[in-house]
Amino acid sequence: MKPIAPLLPPLAALLALAALAPAHAATYELKATPQTVHRGFFDASLKPVLTVDSGDVVKLETATGNPRYFEKLGVPKEKIPPELFAAFADVDNDGRGDHTLDGPIAVRGAEPGDVLEIRILKVDVRFPIAGQSFRPGKGVLPDEFNYQKDKVVWIDLKKRSIEYAPGVEVPIKPFWGVMAVAPEASRGRVSSGPPDVFGGNLDNRELGAGSTLFLPVQTAGALLSIGDGHAVQGDGEVCLSAVETSLKGEVQVILHKNMHLKRPRAETPTDYMTIGLDPDLNEAARQATSDMVDFLATSKGIPRDDAYMLSSAALRLIVAEAVDGTKEVKAEIAKSIFKRK
């Protein structure tokens, strides 16, 4: 299958092509095993565990929740899914293993300067067991919670909710916290902790089923990795941890040739989204706003100064991630305000 041919201008082309998919797409399965995952990093030198064409669909099962972690917290072995024992068979510690990442998945024809579109077709919780924690010196309130706490969280899969206290129930909203292409080869091995221009630990709660993420390709083959399952997370992930759990779902990958993006961009069923990433929150907000102004000017034909004022009237500027060193600010604008295609 050939990659999508170059189209200009790039931002308008991204929108136009988001509704299209190459015909005759193949479907693959990728499950989390010691042979199909890597943990805690990205690296352009990693050999792909799967190679697909533009338009293909990948059915994923990701693993978050090292059995040793749950056993340490008092969970009987029989209550831990056997699939987790298999996925973590090569791990010799009792960390939770949040960033156990399926992949990398190579996309034929992908090169630096291209954009990889990742459509999240389906995503859901695999097992009722999950974990949540905070650590000293971390999170938004390190001075108030300067100690460690770990908690086993049980998900009611029938009610699709978590009971935090009597009469306090949080509905689940599953999504993968990490979706990334590999960084450029010159950067070597890069930690999966902070988000980056290639995606990574975005922890963006809007990127669930029905949403689409656009990532700028950094290296040949793109080398897509996905994991860090979240049953639910608030904006900011303020204590350092979402409800961390194993997920299942389907993604479709579509390659856009020569569509240069500086940073990740996304689209939900109701909103367009730009994303700013920087250790300085003000700079992350500036990036997200500037990218949205560019998007409106290019894709909607609005003069840039008018797009700036439209953003001030209609934009929602939200802190998506506040605790991973690199701050993430998302700028969202409703599709419903645009009455013409």
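Aspartate 294 is partly exposed, because its relative accessible area is 23%, and buried means under 20%. This residue belongs to a predicted model of a protein chain with five helices and 21 strands. The side chain of aspartate 294 meets that of arginine 304 in a salt bridge, with 2.8 Å from N to O. The briefing below places this pair in the chain as a whole and then turns to other charged residues.

**Overall form**

- The protein chain has 341 residues and a radius of gyration of 20 Å, which agrees with the value near 20 Å for a compact globule with that number of residues.
- Taken along the principal axes, the box filled by the C-alpha atoms is roughly 60 × 45 × 40 Å.
- Among contacts with a separation of 6 or more, 77% are between residues 24 or more positions apart.

**Surface and burial**

- Of the 341 residues, 54% count as buried.
- The accessible surface of the protein chain is about 14,800 Å², and carbon and sulfur atoms hold 54% of that area.

**Charged side chains**

- The protein chain carries 40 positive and 45 negative side chains.
- The centres of these two sets lie 4 Å apart.
- The count of salt bridges comes to 26.
- One network of salt bridges links Lys173, Arg205, Glu206, Asp235, Asp271, Arg316, Lys330 and Glu332.

**The pair aspartate 294 and arginine 304**

- Aspartate 294 and arginine 304 form a salt bridge at 2.8 Å.
- This pair links distant parts of the chain, since aspartate 294 lies in helix H4 (residues 281-300) and arginine 304 in helix H5 (residues 304-314), 10 residues apart.
- Arginine 304 has a relative accessible area of 45% and is therefore partly exposed.

**The pair arginine 135 and aspartate 150**

- A salt bridge joins the side chains of arginine 135 and aspartate 150, with 3.2 Å from N to O.
- Arginine 135 lies in the loop between strand S8 (129-134) and strand S9 (149-154), while aspartate 150 lies in strand S9, so the pair ties together parts that are 15 residues apart in sequence.
- Arginine 135 counts as partly exposed because its relative accessibility is 27%.
- Aspartate 150 counts as buried because its relative accessibility is 18%, and the limit for buried is under 20%.

**The pair arginine 187 and aspartate 196**

- Arginine 187 and aspartate 196 form a salt bridge in which the closest N and O atoms are 2.8 Å apart.
- Arginine 187 is partly exposed, at 37% relative accessibility.
- Aspartate 196 is buried, with a relative accessible area of 16%.

Methods
Residues are numbered from 1 along each chain as its sequence is written. This is a predicted model: local features need pLDDT of at least 70, side-chain atom pairs count only at pLDDT 80 or more; totals for chains, interfaces and linings use all residues. Side-chain values use heavy atoms; hydrogens and water are left out. Helices (H or I, at least four residues) and strands (E, at least two) are DSSP runs, numbered from the N terminus. The radius of gyration is taken over C-alpha atoms; the globule rule is 2.2 Å times the number of residues to the power 0.38. Buried means under 20% relative accessible area, exposed over 50%, partly exposed in between (1.4 Å probe, protein chains only). Contact means heavy atoms within 4.5 Å. Accessible areas come from the Shrake-Rupley method with a 1.4 Å probe; for residues, only the protein chains shown count as cover. Lys and Arg count as positive and Asp and Glu as negative; His and the chain ends are not counted. The place of a charge is taken as NZ of Lys, CZ of Arg, CG of Asp or CD of Glu. A salt bridge is a side-chain nitrogen of Lys or Arg within 4 Å of a carboxyl oxygen of Asp or Glu.
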